[in-house]
Amino acid sequence: MSRGRHLLAALAFLLALVAAAPPAGAGSVPGQTDDAGEPGIELVSRPRWVRPEDRVSFTIRTTGDVSGTSVRVEVFSALDSVAELEESASEDVGVRLSLTPGVPLGFLPRGPQDAYEVGLQVSPEPVDDFTTQLVEPGVHPVVISLVDESGTVLDEIRTPMVRLGDEDDPWDAPRLGVVLDAGTPPTLQPDGTRSLPAAALERLGRVARLLAEHPDLDLTVAAVPDTVDALAASPEPGAAAVLDALRGREALAMPYLPMPVESLVDAGLGQLVPPYTERGATVLADLVEARLRTDTWEATAAIGDRGGRLLQELGYRRALVPSPEPDPDDDGEDDADEPPPLADSGPRVVEGIGPLQGVVVDTRLSAELAAPLAGDADAAHLALARLLLRPVEGDPSADEDDVDDVDDADASTTVVVRPGPLPAGSTLAGLLDLLDDAEAPVQVGGLDLVDDTPVEVDADPIDWDAAERPDLRELAPRVREATGHIDTFATMIGDRSARADELRLQIATGVAATASPSTRDAAITTVEQALGLSFAGIRLSGQTDLNLTSRTGTLPVTIENGNPFPVDLVVRIRSDRLAFPDGGRVPVTVDEDILRIDVPVEALATGSVPVFVELWTPDEQLRLAARQLNVRSTAVSGVGLFISLSALVVLVVWWARTWRSTRRGRAGGPEATSVTAGEPMG
């Protein structure tokens, strides 16, 4: 009976081939050129993967003289490692599970563009000699051979085929959390313009296309707010396309520019982190309506324990950190035949980030995915096979010797990648094209895939030594002074000008982790020069010698504003011999080039009176100008008049009494003298 079933199955297989064969006399075989040449085959397309019970079809194309040739298919047992995958590209690896009979090319179903379709039936259970039994999920080598009439192999295609798991036999593949880089170096220039080079915009466009092509994959973007501002200011159509692609995506709540927190704290500039973090969140929320992930900080530079505490106060609980280098083998060298295990994302305890936990980014896998994808039809499938065959470091369910030995599909760990700048046709793009499917063996998403379970305090920490530690201590005094002057400048211009805000962004550029030393110096110098010119543009002018001809009057004060915007100021005026009925502090707004104000005064004395006039910023932190006026007062006050009249009255009375006494003495003087002189005293 068994022999009879096999004969019937073989007969059915041949009948199917005959039904698909071209009619007699159809002419030359499709895909064959008229010129004689070495026979060969190439892979045109292939299935993403196969289900446990499935029929798959590979599309091939022939070259050269393939008359009298046939095609056969071999399937081998599942691979155990990437090393075996690479070995299978040139030789047979594992146990052969099936070998189909050679089928003449003319009997194969034809595909588009003079191609052929090579079919393969698979099943987890034994069925017949023409069905390949794939018992478990795994990566199986497949060899499609072109053979001549004697069975000699003329050419072959070697490709991996992924057999999916199911509920009864799951495959615990790692989940892939993808963080896409949507940032450039600082774009703000010293002259206030934005620089977004064509190459940078093209790279951002590739990220945008990747997001647009996969709207259902909940990828996370690391969108630098400074770059988003530059995109919004750019007239290029591509800039608008990038903004549209970023709109509504999950994005890291980043500061306006990446900030070296540890360096800022060490330089006494930690107070800059909160406002620039808030500014970054505002830009992302306003311009792209991003769903901000405010719990994860992207550690582009060292954080430090004090910096970690500062970030914790801002609401961050964890930080993206690069994976450490894998431990070398016992001989002190890396195993060149096998890539290192995938880095489990964590979270982990990480040295040097204080109370924050670390979400580990697999730097090696990130680099692999950022590399250009080969142009053949098999490249993305090879990338998927490599991903599936690599164990996850730290995953208790993964066994380096047998990655398929799992019992619980929910035990999957997440591997986070941040590929950085993506070339045209990146490996990541090809991989996402495969994995953007509900049946995909690898779930792709953003940071939501990362486990939020708290880390044990006594867990072994990762020793992360961040390379980016710019020394800002020498620059710190200039930054502090400039920042304080910007705050003062803001009180002077109010909401009428955005100049203070523009200068604050220059400060952000000056302390950014991605800025070069020359960029830092240029940014801070720009702030210093701009503030110096604005403050120096405010002057006191007018006459310095004035006359006050009455007891009360006004004192003219002339203010010149050389800025192209109105300014708020405070006039301070004082004198020991003049009184100011309205007070010696006069707030003014100079909305023209020249403003004259008349300050009411009251003279307390006559003569030359010194008056001191000063211009201050509204917060009265900075004196902008000062001048001494000489006021000649010719008026007499009421008190002075009373004193003068009193003195005059005293003088008149004294003079009158003296005059009367003198006159009386002259009238009786000679007679008295004669009597006195003629009579003896006695």
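Does Glu620 count as buried, partly exposed or exposed, and at what relative accessibility? In this predicted model, Glu620 counts as partly exposed because its relative accessibility is 24%, and a residue is called buried only under 20%. Glu620 lies in the loop between β31 (607-616) and β32 (623-633), and its phi is near 55 degrees, a positive value in a residue other than glycine.

Glu289 counts as exposed, because its relative accessibility is 53% and the class of exposed residues begins over 50%. With a relative accessibility of 47%, Arg306 counts as partly exposed.

| Residue | Relative accessibility | Class |
|---|---|---|
| Glu289 | 53% | exposed |
| Glu620 | 24% | partly exposed |
| Arg306 | 47% | partly exposed |

Once its neighbours within four places in sequence are left aside, Arg306 is in contact with Val265 and Asp266. Another local feature of the backbone is the peptide bond from Gly346 to Pro347, which is cis, with omega near 5 degrees; Pro347 is found in the loop between β17 (342-343) and β18 (350-351).

**The chain and its cores**

The protein chain has 16 helices and 32 strands, and 45% of its 682 residues count as buried. Of the contacts with a separation of 6 or more, 75% are accounted for by residues 24 or more positions apart.

In soluble globular proteins, nonpolar side chains tend to be buried together. Here the largest nonpolar core holds 154 residues, of which Leu176, Leu180, Ile559, Leu569 and Val611 touch the most other members. Beyond its neighbours within four places in sequence, Val611 is in contact with residues including Leu555, Ile573, Phe580, Arg627 and Val631. Apart from this core lies another, of 23 residues, among them Ile41, Ile60, Val73 and Ile157.

**The largest pocket**

The largest pocket has a volume of about 590 Å³, and of the 28 residues that line it, Glu298, Ala299, Thr300, Ala301 and Arg418 are the closest to its centre. By class, the lining has 16 nonpolar, seven polar and five charged residues. At least two lining residues are supplied by each of β16 (318-322) and α9 (363-369), and the largest share, three residues, comes from β16.

The chain averages a pLDDT of 85, and 83% of the residues score at least 70. Among the elements, helix α4 (residues 225-233) has the highest mean pLDDT, 97, while helix α16 (residues 669-678) has the lowest, 42. Over residues 1-34 the pLDDT is below 50, and this stretch has 31 contacts in the model beyond near neighbours in sequence. Over residues 395-410 the pLDDT is also below 50, with 26 contacts of that kind. Where pLDDT is low, the predicted coordinates should not be read in detail.

Methods. Residues are numbered from 1 along each chain as its sequence is written. This is a predicted model: local features need pLDDT of at least 70, side-chain atom pairs count only at pLDDT 80 or more; totals for chains, interfaces and linings use all residues. Side-chain values use heavy atoms; hydrogens and water are left out. A nonpolar core is a set of buried Ala, Val, Leu, Ile, Met, Phe, Trp, Tyr and Cys residues joined through side-chain atoms within 4.5 Å. Buried means under 20% relative accessible area, exposed over 50%, partly exposed in between (1.4 Å probe, protein chains only). Contact means heavy atoms within 4.5 Å. On a 1 Å grid over the protein atoms alone, a cavity is a set of points where a 1.4 Å probe fits but cannot get out, and a pocket is an open set with protein on both sides within 12 Å along at least five of seven lines; lining residues have an atom within 4 Å of a point. Grid points are joined across faces, edges and corners, and a volume is the space filled by probe spheres set on the points. Helices (H or I, at least four residues) and strands (E, at least two) are DSSP runs, numbered from the N terminus. Ala, Val, Leu, Ile, Met, Phe, Trp, Tyr, Cys and Pro count as nonpolar, Asp, Glu, Lys and Arg as charged, and the others, Gly among them, as polar. pLDDT is the predictor's confidence in each residue, from 0 to 100.
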